Amino acid sequence: MEVIIQPDLRSGAALGACIMERLIRTKPNAVLGLATGSTPVALYCELIRMHREGGLDFSQVTTFNLDEYVGLAAKHPASYHHFMNENLFSHVNVRRDRIHIPDGTAKDIPAFCQEYEAAISRAGGMDLQLLGIGHDGHIGFNEPSSSLASRTRIKTLTENTVAANQRFFSSPQEVPQHVITMGVGTIMEARTCMLLAFGEGKAEAVAAMVEGPITAMCPASVLQLHPQAVLIIDEAAAGLLKRADYYRRVYANKPSFQQFSSFTLG
Ligand code: F6R
């Protein structure tokens, strides 16, 4: 896993956006796995700026989002459909028929999940999966104890995740308890996984993911097995890493052609 420590959220988000920009410019029909939550918002702002000011073209890009709340229609203001429209899709030229987000209102959820997996395969798999991390080490909404081989399916959120997500709803009773999420196995098949984490509140989860054992108790730790995983964090989120100086040294001493990250794209 490549660990890139940036001074703050702004520089971390800018670096993440540069990596995605480079992918899209190199491979205009890239397949992107996208995340919601607070973490990717600044990165999406940067992609929008690149589209407006630098002509970054999303017209051939295909997207698959990680997750959606069960029971929320796309129009609900707290749905991830709504979030993605507000924070990215309505500001760039991505084609509506190339956007995929799990349908929280699907009548037959297992059949829907199977079809979601099939759609990812038909698109050729994800070139890059963007990820955030939960305080408990979840990726997507694969909560601790999720199978590390899991595929897209329905999951029950933990009480802590429900509490953390309350900020997007007007009352605690409104927060759904279930989500449809890509599985850990689905995420691991992306050719590159890029996880962002900012702030002191993520330091414990980041340390467990990078330097702890690979365990379903911290689903993000499975990224240690991914051949092209890059982690972009700020100083605060790096606060509990024992080998932070080494990660800084690795990044500082990279040859210039590898400056954004050591992985090869596409
Ligand atoms: C969101 C997702 C989650 C979040 C995680 C962190 O699509 O899959 O894993 O990335 O809960 O959320 P924030 O960024 O709000 O701290």
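Let's start with the largest pocket. Its volume is about 430 Å³. This is a predicted model, by the way, so every value here is computed from that prediction.

What lines the largest pocket? There are 26 lining residues, and those closest to the pocket's centre are Ile-133, Gly-134, His-138, Phe-141 and Asn-165. By type, the lining of the largest pocket splits into 13 polar, nine nonpolar and four charged residues. Which element gives the most to this lining? Helix α5 does, with four residues.

Next, the aromatic pairs. How many are there? The count comes to six. Take Tyr-69 and Phe-169 as one of them. Their ring centres are 5.4 Å apart and their planes stand at 75°, so this pair is edge-to-face. The cut-off for that label is over 60 degrees. Now look at where the two rings come from. Tyr-69 is in strand β4, residues 67-69, while Phe-169 is in the loop between α5 and β8. That is 100 residues apart in sequence, so the pair ties together separate parts of the chain.

Are these two residues buried or exposed? Tyr-69 has 0% relative accessibility, so Tyr-69 counts as buried. Phe-169 has 9%, so Phe-169 is buried too. Buried here means under 20%.

Here is another pair, Tyr-80 with Phe-141. The ring centres lie 6.3 Å apart and the planes are at 10°, so this one is stacked. Stacked needs planes under 30 degrees apart. Tyr-80 sits in helix α3, residues 80-87, and Phe-141 in the loop between β6 and β7. These two are 61 residues apart, so to speak a link between distant parts of the chain. Tyr-80 and Phe-141 are both buried.

Now put the two pairs together. Tyr-69, Tyr-80, Phe-141 and Phe-169 form one aromatic cluster. And Phe-141, remember, is among the residues closest to the centre of the largest pocket.

What is the phi of Ser-145? It is near 90°, a positive value in a residue other than glycine.

Which face of β7 is covered? The covered face has Arg-153 and Lys-155, and the uncovered one has Ile-154 and Thr-156. Why does the list skip every other residue? Because side chains in a regular strand alternate between the two faces of the sheet. Strand β7 pairs with β8, residues 178-181, in the antiparallel sense, over four bridges. In one of these, Thr-156 has His-178 of β8 as its bridge partner.

On to the cavity. The search of the whole structure finds one cavity of 30 Å³ or more. The space in that largest cavity is about 30 Å³. Its lining includes Leu-32, Phe-58, Thr-63 and Val-94. The lining of the largest cavity holds seven nonpolar residues, one polar and no charged.

Last stop, Arg-243. Arg-243 is in the loop between β10 and α8. What does its charged end do? The charged end sits over the ring of Tyr-246, 5.2 Å from the ring's centre. At 48% relative accessibility, Arg-243 counts as partly exposed, because exposed would take over 50%.

Terms used. Residues are numbered from 1 along each chain as its sequence is written. This is a predicted model: local features need pLDDT of at least 70, side-chain atom pairs count only at pLDDT 80 or more; totals for chains, interfaces and linings use all residues. Side-chain values use heavy atoms; hydrogens and water are left out. On a 1 Å grid over the protein atoms alone, a cavity is a set of points where a 1.4 Å probe fits but cannot get out, and a pocket is an open set with protein on both sides within 12 Å along at least five of seven lines; lining residues have an atom within 4 Å of a point. Grid points are joined across faces, edges and corners, and a volume is the space filled by probe spheres set on the points. Ala, Val, Leu, Ile, Met, Phe, Trp, Tyr, Cys and Pro count as nonpolar, Asp, Glu, Lys and Arg as charged, and the others, Gly among them, as polar. Buried means under 20% relative accessible area, exposed over 50%, partly exposed in between (1.4 Å probe, protein chains only). Two strands pair if DSSP finds at least two bridges between them. Rings of Phe, Tyr and Trp (its six-membered ring) pair if their centres lie within 6.5 Å; planes under 30 degrees apart count as stacked, over 60 as edge-to-face and the rest as tilted. A charge sits over a ring if NZ of Lys or CZ of Arg is within 6 Å of the ring centre and within 35 degrees of the ring normal.
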